[in-house]
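Subject: A structure for you to look at

Hi there,

Here is the structure I promised to send over. Please open it next to this message, and then read on for my notes.

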Amino acid sequence: MIRRLTLAVATALAAAMLLSTTSAQATVAADSGTVRLRTQQILQFQQLAGQAAWQTSAYNRVVNAVWVFYSNGTFAFDTTNVRTDLYPLRGRYQVRGNTVSFSAHNAAAIGGSSAFTEMVGRVDFGSRPPVMRLNWAGGAGYGAVVNDQRFGSTASSHYAVVLTVSQF
């Protein structure tokens, strides 16, 4: 079943990418069982939560994003300028027709703080070029006790993104 899902992803990607790659490249992607995508063009980028000052960094992370879909039904998301205890972000995907749906989350705790990140999205390989829609959120909480007084703060962000992807 997992092999079939991977072949479906690779086949869907190969079919969608035929206009921009040779058939030999598409065959290699389908045979390897691993599909690697990167951001081609951001069509829509919306900050739903978080400080406005964070938007430029988040946008640049999406510009430099890479998704790798493996034959065992898992995927990894990575980008630049992120916490190494949270990234690469790993999760699972499912294939339905020309659409691949994916979801991942991770959390880390250090001392008096904790952080999380999550991503949920889908790629439509029926579009040319393939279109990805995703929601990407993250947050952190910090706390301390000093002289029997408690201190704490939180920060979170949430982005809705529509982009085209290309195989590499």
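Which residue in S7 is the bridge partner of Met-119? That partner is Trp-136.

Before the rest, a word on the model. It is predicted, so local features need pLDDT of at least 70 and side-chain atom pairs count only at pLDDT 80 or more, while totals for chains, interfaces and linings use all residues. Residues are numbered from 1 along each chain as its sequence is written, and side-chain values use heavy atoms, with hydrogens and water left out.

Now the strands (DSSP runs of E, at least two residues, numbered from the N terminus). Strand S6 covers 113-124 and strand S7 covers 131-146. S6 and S7 pair (DSSP finds at least two bridges between paired strands) in the antiparallel sense, over 12 bridges. They form a hairpin with six residues between them.

S7 also pairs with strand S8, residues 149-167, in the antiparallel sense over 16 bridges. Here Ala-137 stands opposite His-158 in S8. Two residues lie between S7 and S8 in their hairpin, and Asn-147 in the turn has a positive phi of about 50°.

Have a look at Pro-129 too, in the loop between S6 and S7. Pro-129 has a relative accessible area of 32%, so it is partly exposed (between 20%, under which a residue is buried, and 50%, over which it is exposed; 1.4 Å probe, protein chains only). Leaving aside neighbours within four places in sequence, Pro-129 is in contact (heavy atoms within 4.5 Å) with Gln-40, Thr-164 and Val-165. Pro-129 and Thr-164 are 35 residues apart in sequence, yet 6.2 Å apart in space, C-alpha to C-alpha.

Best wishes

Key: Helix = DSSP H or I, 4+ residues; strand = E, 2+ residues; numbered from the N terminus.
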